[in-house]
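Please open the structure in your viewer and keep the selection tool at hand. The stops below are to be visited in order.

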Amino acid sequence: MDETIVVVGGALLHDGRLLAARRSAPPELAGRWELPGGKVEPGEAPEAALVRELREELGVTAESVERVPGEWPLRTPYVLRVWTARLLPGSADPTPLEDHDDLRWLSPDELWDVDWLDQDVPAVKAVLRRWDGRDPSRG
């Protein structure tokens with residue numbers, strides 16, 4: 001039986017911009033950009049996994065806002081599911097702590113200025129379709 005393992009991606013929105021994280025590892029992904037996040041642990045809710053992953057990878061206190069419709073295949077047995085997220089009041093600014101060496105806040109017009117990982121491109125397009133100027137950091 002092949003169990004699907006969910007990888008959560010965070011479309012972290014703040015002041016009208018989306019956070020992109022540049023991978024530093026593993027070597028085959030280094031230098032490309034992604035939505036930050038990671039694997040959901042057994043028994044963990046995806047929204048809780050997203051909050052945990054954003055804390056571990058970026059040092060921020062955030063909350064998930066809403067799931068972006070869709071699911072994108074990664075290598076078997078992984079699939080990517082994305083949630084919009086926002087920083088909570090008093091959160092530290094994002095810092096690349098694990099597996100990233102740079103972060104960029106991108107406006108909708110700048111989204112394609114970075115070299116997204118292939119598997120993140122359809123997810124970012126889905127985020128852009130849902131975004132339409134809404135910014136969860138502003139309530």
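Begin by selecting the buried residues of helix H1: Ala-49, Leu-50, Arg-52, Glu-53, Leu-54, Glu-57 and Leu-58. Please bear in mind throughout that this is a predicted model.

Now display the whole of H1, residues 46–58. The helix has 13 residues, and the span from its first C-alpha to its last is 18 Å, close to the 18 Å expected at 1.5 Å a residue. Gly-59 follows H1, and its phi is positive, near 70°.

Stay with this helix and select Glu-53, which is located in H1. Is Glu-53 buried or exposed? Its relative accessible area is 8%, and because buried means under 20%, Glu-53 is counted as buried. Beyond its neighbours within four places in sequence, Glu-53 is in contact with Gly-37, Gly-38, Lys-39 and Leu-58.

The next stop is Trp-83, in strand S6. With a relative accessibility of 5%, Trp-83 is buried. Show its surroundings, leaving out neighbours within four places in sequence: among the contacts of Trp-83 are Val-8, Gly-9, Gly-10 and Ala-11, together with Pro-46, Glu-47 and Leu-50. Further contacts of Trp-83 include Ser-64, Glu-66, Arg-67 and Val-68. Then draw a distance from Trp-83 to Pro-69: these two residues are 14 apart in sequence, and their C-alpha atoms are 8.7 Å apart in space.

Turn next to the largest nonpolar core, which has 21 residues. Select Leu-18, Leu-35, Trp-72, Val-82, Leu-111 and Trp-116, the residues with the most contacts inside this core. Which elements each supply at least two of its residues? They are strands S1 (5–14), S2 (17–23), S5 (62–73) and S6 (78–87), and helix H2 (121–131). Helix H2 provides the largest share, 5 residues.

Setting aside residues up to four places away in sequence, Trp-116 touches Leu-18, Ala-20, Arg-32, Trp-33, Glu-34, Leu-35, Leu-106, Leu-111, Val-121 and Val-124.

Among the residues touched by Trp-116 is Ala-20, which lies in strand S2. Ala-20 is buried, with a relative accessible area of 0%. Apart from residues up to four places away in sequence, Ala-20 touches Trp-33, Glu-34, Asp-102, Leu-103, Arg-104, Leu-106 and Trp-116. Now select Asp-101 as well: Ala-20 and Asp-101 are separated by 81 residues in sequence, yet by 11 Å in space from C-alpha to C-alpha.

Finish at the largest pocket, which holds about 610 Å³ of space. Its lining consists of 25 residues, and those nearest its centre are Val-7, Arg-23, Leu-29, Glu-34 and Arg-75. Which elements each supply at least two residues of this lining? They are S1, S4 (37–39), H1 and S6. Finally, colour the lining by class: 12 of its residues are charged, 9 are nonpolar and 4 are polar.

Key
Residues are numbered from 1 along each chain as its sequence is written. This is a predicted model: local features need pLDDT of at least 70, side-chain atom pairs count only at pLDDT 80 or more; totals for chains, interfaces and linings use all residues. Side-chain values use heavy atoms; hydrogens and water are left out. A nonpolar core is a set of buried Ala, Val, Leu, Ile, Met, Phe, Trp, Tyr and Cys residues joined through side-chain atoms within 4.5 Å. Buried means under 20% relative accessible area, exposed over 50%, partly exposed in between (1.4 Å probe, protein chains only). Helices (H or I, at least four residues) and strands (E, at least two) are DSSP runs, numbered from the N terminus. Contact means heavy atoms within 4.5 Å. On a 1 Å grid over the protein atoms alone, a cavity is a set of points where a 1.4 Å probe fits but cannot get out, and a pocket is an open set with protein on both sides within 12 Å along at least five of seven lines; lining residues have an atom within 4 Å of a point. Grid points are joined across faces, edges and corners, and a volume is the space filled by probe spheres set on the points. Ala, Val, Leu, Ile, Met, Phe, Trp, Tyr, Cys and Pro count as nonpolar, Asp, Glu, Lys and Arg as charged, and the others, Gly among them, as polar. The expected span of a helix is 1.5 Å times one less than its number of residues.
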